[in-house]
Amino acid sequence: MRPPRPSDVLSGLVTGLFSIPEGMAYASIAGFAPAQGLYAGMWPTMVGSLFSRTVLMVTTLTSAIALTANSALTDAGLDPRNLAQVATLTVLTGVVMALLGALRLGVVLSFVSNAVMTGFSTGIAVQILTGVFGDATGYDPQGHNKLRQIADWLIHVGDWDARVTAVALATVAVWALARLVRPIRAMATLAALLVVTVGVAVAGIGVPLVGDIATIPRGLPMPVWPDWSAAPELAAGAVSVALVALAQAAGISAAVPNPDGSRGDTDRDFTAQGLANLAGGFLRGLPVGGSLSRTGVAASAGAKTRWAGVFAGAWLALIVLTVGKYAEYIPMPVIGGLILVIGGELIAGRVPDIVLVFKTAWPSALALVATFLATTELPLQQAIVIGAILSLLLYCWQAARRGGLSALVRDGGGWRTAEPPATLPPGEVTVLDYTGAGFFAELPWLQQRIPALTGARDAVLILRMRGTPGLASTALLKALLGYAERLEARNCRLIIAGADPGTLRALDHGGLVEKLGPHGVYPARARVFGALDDAVVEAERWIRAASRPKQP
């Protein structure tokens with residue numbers, strides 16, 4: 001583990017300060033005790049940062065998690081203000097996350113396409129922005145989806161509170177100016193927070209403060225024992241909360257990659273978030289997950305290692321213990337202004353991916369737009385399901401197009417590719433190279449490309465399958481069996497070359513190895529064309545024997 005850097009300590013301080021108003025606001029909006037939003041940013045954040053593979057990911061409460069947790073409790077007929085029942089939900093959420101990590105089911109998220117993830121993370125960033133419009137301008141936009149809320153917010157610019165808006169704009173301006181000064185660029189977020197907060201206090205500008213949400217507690221949370229009798233009613237809800245949290249966190253590694261260039265590990269991130277919930281569940285915390293906005297705050301403030309998240313939780317605990325009452329004087333428009341900046345940075349960071357998707361293929365662009373609209377229009381758990389379905393459809397579409405079939409022709413001492421012949425030449429060896437996923441959707445396309453048997457006699461077709469990672473389709477296997485039988489009926493033969501162990505097992509279980517007989521299947525060799533060369537020797541021997549005049 002890399003040692004902490006001074007920038008991590010500073011980043012942790014900024015993130016810890018942010019966690020006070022943001023955590024309390026999210027908890028309050030969702031109907032929980034505001035103090036529970038603070039507790040969600042202490043021990044869970046430290047534990048999550050220690051074990052996460054996405055090193056800058058800050059594990060804490062988000063608005064989507066808070067709202068989903070409230071829905072899980074109320075749908076089960078339970079009280080969001082009951083600490084023991086909330087603890088049960090948090091612990092169960094942690095168990096689900098840790099179990100998914102232990103079973104290494106993070107690979108499921110690797111099937112989520114970049115287009116879908118880009119649409120999802122951009123939609124989340126838009127949610128972050130719309131969530132602070134009220135704090136930044138004093139006007140809470142109306143509308144049942146985020147895009148309509150943006151339109152309503154812009155249309156009603158005349159209803160914005162002038163003092164609130166001025167403070168938010170001043171915060172953005174101070175942040176932008178600090179970013180221009182190289183020595184304090186990493187401290188721009190903290191500088192804007194402190195300078196504008198002091199300025200508002202000195203000038204006596206009347207705007208909402210953190211203390212208007214609730215009083216910050218003067219001590220650390222005491223342990224609470226979960227109400228295990230509520231576990232059966234909360235089991236399904238815990239799965240929903242876990243999926244929402246994990247889906248939100250899945251986009252963080254792409255939006256905020258590891259500074260050292262190391263690769264992420266989704267399974268380890270799952271486990272880290274599960275451990276964070278287990279730690280917070282017994283200490284009055286709400287369910288938590290990777291927070292894109294809080295991670296953006298940490299990265300913007302100069303976070304370099306996982307210690308930034310550890311310090312964020314430690315600073316929050318220290319602030320609450322010592323000077324928590326002073327944090328109540330932070331103006332909410334300052335928080336709103338900085339989150340607008342952070343949300344804007346997150347969206348700007350996705351612009352290259354958006355442009356790339358629109359330049360590549362229209363199905364990917366359609367999936368991006370659909371996922372974005374679902375994330376801004378529907379409850380997050382529904383948007384996740386839609387994104388997963390779209391990713392599956394994209395995968396199937398791409399897999400169906402992946403299948404390739406080309407002829408290999410001798411060229412001196414090697415091989416060159418060519419178009420497959422329309423018909424199988426009689427008395428010759430024809431080599432076809434198949435590269436695909438062995439997926440049933442490839443079958444119609446392959447049937448159009450494989451040579452017809454009109455006029456074929458005493459010929460051998462060698463099908464090279466070295467690039468096929470197993471044979472996933474029984475339909476494709478049956479088609480090969482049928483083609484082998486039609487070849488046999490015309491005194492021709494099929495030979496498989498370069499089959500990997502997975503493909504070989506599928507061919508054996510499907511009866512094709514037995515059908516092709518001795519020397520009918522050549523497993524892949526260490527030498528690239530080793531199996532093919534052996535198959536050609538056998539094919540030429542067979543043709544000589546087949547064309548030899550029969551003895552009377």
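Me: In this predicted model, buried means under 20% relative accessible area. Is Trp153 buried or exposed?
Reply: The relative accessible area of Trp153 is 12%. The cut-off for buried is under 20%, so Trp153 counts as buried.

Me: Which residue joins Trp153 and Trp160 in a cluster?
Reply: Ring pairs link Trp153 and Trp160 with one further residue into a cluster.

Me: How many residues apart in sequence are the parts that the pair of Trp225 and Phe282 ties together?
Reply: Trp225 and Phe282 form a tilted aromatic pair, 5.7 Å centre to centre with 45° between the planes. Trp225 lies in the loop between helix H10 and helix H11, and Phe282 in the loop between helix H13 and strand S2. The pair therefore ties together parts whose separation in sequence is 57 residues.

Me: Which accessibility class does Phe282 fall in, and which does Trp225?
Reply: Phe282 has 27% relative accessibility, so it counts as partly exposed. Trp225 has 60% relative accessibility. Exposed means over 50%, so Trp225 counts as exposed.

Me: Which residue in the turn between S3 and S4 has a positive phi?
Reply: Strands S3 (residues 404–411) and S4 (residues 414–418) run antiparallel and are joined by 5 bridges. Asp411 stands opposite Gly414 in S4. The two strands form a hairpin with 2 residues between them, and the turn residue with a positive phi, about 70°, is Gly412.

How values were computed
Residues are numbered from 1 along each chain as its sequence is written. This is a predicted model: local features need pLDDT of at least 70, side-chain atom pairs count only at pLDDT 80 or more; totals for chains, interfaces and linings use all residues. Side-chain values use heavy atoms; hydrogens and water are left out. Two strands pair if DSSP finds at least two bridges between them. Helices (H or I, at least four residues) and strands (E, at least two) are DSSP runs, numbered from the N terminus. Buried means under 20% relative accessible area, exposed over 50%, partly exposed in between (1.4 Å probe, protein chains only). Rings of Phe, Tyr and Trp (its six-membered ring) pair if their centres lie within 6.5 Å; planes under 30 degrees apart count as stacked, over 60 as edge-to-face and the rest as tilted.
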